[in-house]
Amino acid sequence: MAGLKAIQARLRAIVGPGPFIRRDTSLRALFASDARARMDAKTYENTARKLREAGFMIQEMDTHLLIDWPHAGYAAFFDQLLANAPAQAAETAHGLARIYARHEGAFTPDMLDDARLALRRWDAGQTQALVIQAGEQLAISLRTKQPVPSYYLPLLLTMEGGQA
């Protein structure tokens, strides 16, 4: 499954068929669900425990949940994405990916909001917006002599229509 569909399917397996699980449009998390409003207290607590055990963080918001990864979950996803990138991806990748590959990278917890936005753009196929965001972050990193955000490289190497 492409993008975050496999993650959504994994969440569906944990939560069950009743509640919705969709991308969080507020961008405060990867996913949102109405599981809290659709389950009795005992079922909900069991489901919340299973989500945490599967490596997700949940935040209760009124009648719905925000479901996200901690920093380590994002890092593992980006590492796996990079490891699974086709061997020829580096040669045919967007020029920005080649620039990212030449610089030291870092991914710290304070980068989560930017990483989430980049991941959501990648997932939605918003190639132009992702490239602009990656370019802006690259410029900031180079200007401040800081390591570049390492999560852009796997996203740029695997984005749809990424060859240029």
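Just after helix α1, Gly16 takes a positive phi of about 100 degrees. Helices (DSSP runs of H or I, at least four residues) and strands (E, at least two) are numbered from the N terminus. The model is a predicted one, where local features need pLDDT of at least 70 and side-chain atom pairs pLDDT 80 or more, while totals for chains, interfaces and linings use all residues. Residues count from 1 along each chain as its sequence is written, and side-chain values use heavy atoms, without hydrogens or water.

Let us stay with α1 for a moment. Ile7, Leu11, Ile14 and Val15 are its buried residues (under 20% relative accessible area with a 1.4 Å probe, protein chains only; exposed is over 50%, partly exposed in between). Because these residues cover an arc of only 90 degrees around the axis, they lie on the same side of α1 (the arc is taken from the directions from the helix axis to the C-beta atoms). Lys5 and Ala13, on the other side of α1, are exposed. The buried residues of α1 pack against β1, β2, α2 (35–38), α3 and β4.

Four of its five residues are buried, so β4 is largely enclosed by the rest of the structure. Strand β2 (residues 31–33) pairs with β4 in the antiparallel sense over three bridges (pairing takes at least two DSSP bridges), and Ser33 has Leu65 in β4 as its bridge partner. Strand β3 (residues 57–61) also runs antiparallel to β4, joined to it by five bridges; here Met61 stands opposite His64. Two residues separate β3 and β4 in a hairpin, and Asp62 in the turn has a positive phi of about 40 degrees.

Now turn to helix α7. Its buried residues include Leu112, Ala115, Leu119 and Trp122, along with Asp114 and Arg116. Among the elements that cover the buried residues of α7 are β1 (21–23), β4, α4, α8 and α9. Just after α7, Gly125 takes a positive phi of about 75 degrees.

Leaving aside residues up to four places away in sequence, Trp69 touches residues including Ile7, Met57 and Leu119.

Definitions and conventions:
Contact = heavy atoms within 4.5 Å.
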